[in-house]
Amino acid sequence: MSKEGSIDVNTGQRLTSLEQKGVSRRDFLKFCTAVAATMGMPLSMAEVIAQTVGSAKRPPVIWLHFQECTGCTESLLRATHPSVEHLVLDLISLDYSETLNVAAGHQVEEALHQSIEANKGKFILVCEGSVPINDGGIYCKIGGRTALEIVKDIGPKAAAVVAIGSCASWGGVQSASPNPTGAKGIHEILTDQAVINLPGCPASPYNLLSTVLYFLTLGKLPELDAMGRPKFAYGRLVHENCERRPHFDAGRFAEVFGDDGHRQGWCLYKLGCKGPETYANCPIQLYCDVGSNAWPVGTGHPCFGCTEKGVGFTKPIHQQATVFTVTPPATYPDIVEEKTSGGWTIGGAAVAGALAGAAVTAGIKVTKRLADEEGVKEDKAAKDKS
Amino acid sequence: MNLQRRDFFKVLSAGVVTATTSRTAFARPTKTMPPESVGLLYDATLCIGCKACEVGCKTRNNKPSVHSEIEEHFNVNGTWDDARDLDSATMNKIKVYKNGTAAVKDQEIDGFSFVKRACMHCYDPDCQSACPTSALQKNPVTGIVTWDRDACCGCRYCQIACQYLIPKFEYHKALPSLVKCEMCHHILETGGITGCAEYCPTGATIFGKAKDLLAEAHKRLNLKNGERYDFPVRTVNAKDKKSRPVGKYVNYIYGEKEGGGAQYIMLSAVPFEKLGLPKMPERSGAARSETLQHTLYTGFIGPIVLLGAMVTAAYRSVKKHQSDE
Amino acid sequence: MSETKPLGGKIFTRPFKILMIFGLIAVFFILKRYFFGIGSVSNLNDGYPWGMWIVYDVVTGTAIACGGYAMAMLVYIFNKGHYHPLVRSALMAGMFGYTLAGVSIYVDTGRWWNLQNIFLPGTANPNSIMFEVAVCVALYVAVMWIEFSPTFFEGKAQHEGKLKILNKVMFFFIGLGVLLPTLHQSSLGSLMIIAGQKVSPLWQTDWLPFLYLMTALTMGYAIVVFESLFSSIGLKRPMETSMLSKLAGVIPKLLIVYFIFRFGDLIYRGALGHILAFDLKSIMFILENLLYIYPLVILFSATKRKSPKYLFLSAVSMLLAGALYRFNTYLIGFNPGNGYNYFPAFSEIMITVGIIAIEIMAYLLFVKRLPVLPEVKHA
């Protein structure tokens, strides 16, 4: 429930209100540290984030839903550290969310309009779901307007646009062949402004939280890749972070669901895992905060590449992935492996040297003896002659 | 006395003349493919370096993993990975060629490529020719070169002879064996295929009749780089195929002609010499060695004639010595 | 042979006791080899499967043991009867050398209990050069012991019958004793032909059998000279200089033939360039040939041949040259690639040293108790 305008924005007041809700200062700092870590920022940033969170006026956020399953919102609701419904509602001023609004109908549309007008150029627009463009975009209408109209209207008025989920990032499941509605990602509609894409199906809520906090704290967007995805989350392949990677590297594959290899947690590449061609941080972030292995591969099912356009909802789940970075690890055996044994040792060299020395000494001795005897003989012969 | 010396030199020069001029007449030609021979085709452009074939080989042949070298080399413990090279427990090895930044797969400069090393099962094996106890034998039908533990005396002449450095010996054991890929003949006999081809996920290693594999290799060389092709997985005639763009092959099949040819042939986008595969003449070492041997010993004519001359000379000499006494 | 006589004297002299220690050390390591494997006492590996034991004990050792062969060739084939007194000791040294090479084979081979398979029909592979070497060496060892056996029977009345029979058929064994080394000493060279590119072009050639045969002969004469001079000094006997100087005259003639074919072949194959590489191989090649050239030059001069000092140095140089030639072909000029290294291990060397020590001990024992050396006739 939004509480816009009803909370004091002075420093320290936020913390007091959090404490009232049972969030200790320690928990709060832990949260800020976790956010810094997720984004790969130095831990000193944790304090800066804490100050920002503790002191900022809650920025308004407008959350629009288009062609989607609402999974991204649902996944956000399941974030637990701290309990998100409190924090998010205190951190940000969620002015409009079709899932969480209590009001409905004309009333909430009016609230939306008012928020946009009051916060023009200062609010964060989060879009969930793809925008259909076929047949004038009639396949998704809210309040009598097509999604296309809505996003084109509201988008330019936002300070930052975040496309959460694969649907908003590139079309998601609706865009699967034959894509009858002409589903498109938000950035394909809002071509004139920067759109941060946070693909995933569902997207990881912590990626969203971290991105938003980064923006609030530093006033700029985190480093994005060529597809507008924050590098801290989408800079590496699932294959590069996967805990089953040693099995891939050693050639241990599950062949069939339920076989010995599968039961032992071996690599799922042969079962169609798209980890090698999918950029996401699922193996690190995991889901639902229930501990290790809480992600598809961890539970024994191959990754299907939900974040990647061209992979998720496009390639069959059990078709083999194209391995992008086959770059072998430094420990991979080379064409010529220098062998560590068999060469000379101190013992071998020493005794070889000693023997050679002894032989040379003996040889010199004998030669000298022979020369001496020869000398004696010559003297004797000379004597005899004379 | 002079007569004997003359006789001796006559015999000796006759032998030398025979040896040097009739070289071609006695020349033993390089052996060729047994018609039903089976083999493997390894396509480096399809290989992703996953080493499933190493695991398959060890599983099918009951060989242990070898962690000691990698752990010693990198000073770590509990590695999953295996040996750094072929050894007495590793009959199949994937190695990587790296150049410069090693950024692009199947590229010679600033790129990398994998290569799979195992016994070539040559059509005219040097190891078979060298082995004094016939422990290494090439099966006349399947062409597989196998090792017989009851015959082998452990002299390791095969290790000297093999140009690919394939046979490995258990130097660390009191009762040592010779270890090398025997193309899972114990599994082929029951209708299966080799462990490496069975386990390979991408179709980089496929099993089949040697002539079919050679035909497949030639077919791939005639495809255009970039065009899509359905690569068979596991066996050359498999229905299970993986559609992939064709790589930029070096226009050569390694193993087709080397030392008279082999049943394990390879395709690659990186020149084979860079992958550690030696340039070999078409005439096998076995042919060269045996030609020399046969020239000198054919029908034992040379030795017997020489023996006759020696014995006669010795007889005369001894008799003379005895009559002098 | 009426001209030979046991030397007599103490067996357990100090040098003998020292040799015993080396022998015992070798026995210790040999036992370790049988209990714990070849790898436990040597640095042999998959890249260098043949090392000290094969290259020295078998290949070089038998070449050095060609004294018997070389002398038999001279005395019985070319009928130079005046060298006769030198035959028996040369034969004995050869006998020991070859016998212990056989022992080394049993130490070196990994599955030694199957060695007889080389000879048995069903497993024997006549295409293998190794087969030829094994059969010839085994036969030659037998022949040498038979040739030497009269030494055990001479002067003993109860063995007179055996002696008579032996002397009647000896000519056949002598003939064999000249044929067999001709066959296997050349084959010891042919062995490395199948190693192909692994042997440097400086040594790899189809002429290996001929070149090895020539050098085995020269080494045979050299060892006779060496042993005779060494025995004279060590056992305090008069030097057989006049005989030796005539004998040594054969060496340079053989070496000239050797050089013609050696360098002719190098030029024909276009391998001369490798000599100028000045890496380990090229330096060892140069050293090897210098060691051959020294006796070639020295022994051409009749005056120098009469000097025991020059005889000794030339003989040593000749033996070293032949040994280095074999080490070069099999080890130093052998490069399997793939990052393999080899240098003999301490225990590996001690086994070889011990075997040589046992050989010398046997020589001393026999020479003192059996009529091997020529009788010293005091004027």
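In chain C, Ser307(C) lies in the loop that separates helix H12 (302–306) from helix H13 (308–332). The model described here is predicted.

**Ser307(C)**
- Ser307(C) has a relative accessible area of 5%, so the residue counts as buried.
- Ser307(C) and Leu244(C) are separated by 63 residues in sequence, and their C-alpha atoms lie 9.9 Å apart in space.

**Extent of the contact between chains C and B**
- Chain C contributes 70 residues to the contact, and chain B contributes 69 residues.
- About 5800 Å² is buried between chain C and chain B, with 57% of this area on carbon and sulfur atoms.
- On the side of chain C, the residues that lose the most area to chain B are Asp46(C), Arg111(C) and Ile194(C), which together account for 15% of what that side buries.

**Polar and charged pairs**
- Two salt bridges are counted between chain C and chain B.
- A salt bridge joins the side chains of Asp206(C) and Arg288(B), at 2.7 Å from N to O.
- Between chain C and chain B, 37 residue pairs are in polar contact, with both residues at pLDDT 80 or more.

**Make-up of the chain C side**
- Two or more residues each come from helix H1 (14–36), helix H3 (67–77), helix H4 (84–108), helix H5 (129–148) and helix H7 (160–190) of chain C.
- H7(C) gives the most to the side that touches chain B, with 12 residues.
- By class, this side of chain C holds 38 nonpolar, 25 polar and seven charged residues.

Terms used:
Residues are numbered from 1 along each chain as its sequence is written. Chains are lettered from A and ligands numbered from 1 in the order in which they are written. Side-chain values use heavy atoms; hydrogens and water are left out. Helices (H or I, at least four residues) and strands (E, at least two) are DSSP runs, numbered from the N terminus. Buried means under 20% relative accessible area, exposed over 50%, partly exposed in between (1.4 Å probe, protein chains only). Contact means heavy atoms within 4.5 Å. Buried area is the accessible area (1.4 Å probe) that two parts lose on being put together, summed over both. A salt bridge is a side-chain nitrogen of Lys or Arg within 4 Å of a carboxyl oxygen of Asp or Glu. A polar contact is a pair of N or O atoms within 3.5 Å; within protein, one must be able to donate a hydrogen and the other to accept it, and residues adjacent in sequence count only if both atoms are side-chain atoms. Ala, Val, Leu, Ile, Met, Phe, Trp, Tyr, Cys and Pro count as nonpolar, Asp, Glu, Lys and Arg as charged, and the others, Gly among them, as polar.
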